[in-house]
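Trainee: I have a new protein open on my screen. Can we go through its fold together?

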Amino acid sequence: NSDHSNNNNGNGGTSVAHLSVGDVLRKEVSTKGSKYGSIISEIISRGDICPADITISVLRKELEGISENALKENASKKPIFVIDGFPRTEGNVTEFEKQIGSCSCLLYLDCDEQTMKQRLLNRGRADDKPEIIDARFRGYQTQTLPVIESFIQDPNRVVVKVDGRGHIDRVFN
């Protein structure tokens, strides 16, 4: 769920903006005349991961909009972005850092496949079908886990692991 608001995090010089890459991609699909909408729609319907160039292009547009709004509100506040569902591949990391900036911290929910699958089925989104969830999980294992492992090995990056197996209220609070 994208929150696009810039909330003061207690630090007078920064604001925190949360956005979900999935929400940003779905927003692009629903945008009339979108350059990438039909491609993204097809990829999401298969449960595949969007190519880095498309994801970064769409994400860049969203980040720039949030930054402009934050600066209009208070020119001294530099936004920090929490990007939910990103990075998913090494290509995401490479392109993000080449085009936008460093990805210095990775927060991830550690959750078994069955718990994850049940939660996704319960949220009721159109693309949360068992076969698509299975494809997403395979993509996670083959493409996203190596990103997490490389971040863990890199002393210049921060990795925060959250146990995602408990009750949802406990996990997110």
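Mentor: First, some ground rules. This is a predicted model: local features need pLDDT of at least 70, side-chain atom pairs count only at pLDDT 80 or more, and totals for chains, interfaces and linings use all residues. Residues are numbered from 1 along each chain as its sequence is written, and side-chain values use heavy atoms, leaving out hydrogens and water.

Trainee: How many helices and strands does the protein have?

Mentor: Helices (H or I, at least four residues) and strands (E, at least two) are DSSP runs, numbered from the N terminus. Along the sequence they follow the pattern β-β-α-α-α-β-α-β-α-α-β-α. The count is seven helices and five strands.

Trainee: What radius of gyration does the protein have?

Mentor: The radius is taken over C-alpha atoms, and the globule rule is 2.2 Å times the number of residues to the power 0.38. With 173 residues, a compact globule would come near 16 Å. The protein agrees with that, at 17 Å.

Trainee: At what angle do helix 5 and helix 6 pack?

Mentor: Two packed helices are described by the angle between their axes and the distance between the axes. Axes are lines fitted to C-alpha atoms, for helices over the stretch in contact, and angles run from 0 to 180 degrees between N-to-C directions. Helix 5 covers residues 113-123 and helix 6 covers residues 130-153. Their axes are 10 Å apart, and the angle is about 135°.

Trainee: Which word describes how helix 5 and helix 6 lie to each other?

Mentor: Under 35 degrees counts as roughly parallel, over 145 as roughly antiparallel, 65 to 115 as roughly perpendicular and the rest as oblique. Helix 5 and helix 6 are therefore oblique.

Trainee: Which residues of helix 6 make the contact with helix 5?

Mentor: Contact means heavy atoms within 4.5 Å. Helix 5 brings Glu 113, Met 116, Lys 117, Leu 120, Leu 121 and Arg 123. From helix 6 come Pro 130, Ile 133, Asp 134, Arg 136 and Phe 137.

Trainee: Which side chain does Arg 136 join in a polar contact?

Mentor: Arg 136 lies in helix 6. A polar contact is a pair of N or O atoms within 3.5 Å; within protein, one must be able to donate a hydrogen and the other to accept it, and residues adjacent in sequence count only if both atoms are side-chain atoms. Here the distance is 3.0 Å, and the partner is Asp 128.

Trainee: How does helix 1 lie to helix 3?

Mentor: Helix 1 spans residues 21-30, and its axis comes within 10 Å of that of helix 3. They cross at roughly 95°. That makes helix 1 roughly perpendicular to helix 3.

Trainee: At what angle do helix 3 and helix 4 cross?

Mentor: Helix 3 holds residues 52-73, and helix 4 holds residues 90-99. Their axes come within 9 Å. The crossing angle is roughly 45°.

Trainee: Which peptide bond is cis?

Mentor: Most peptide bonds are trans. Look in the loop between strand 3 (78-84) and helix 4, where Pro 87 sits. Omega is near -5° in the cis bond from Phe 86 to Pro 87.
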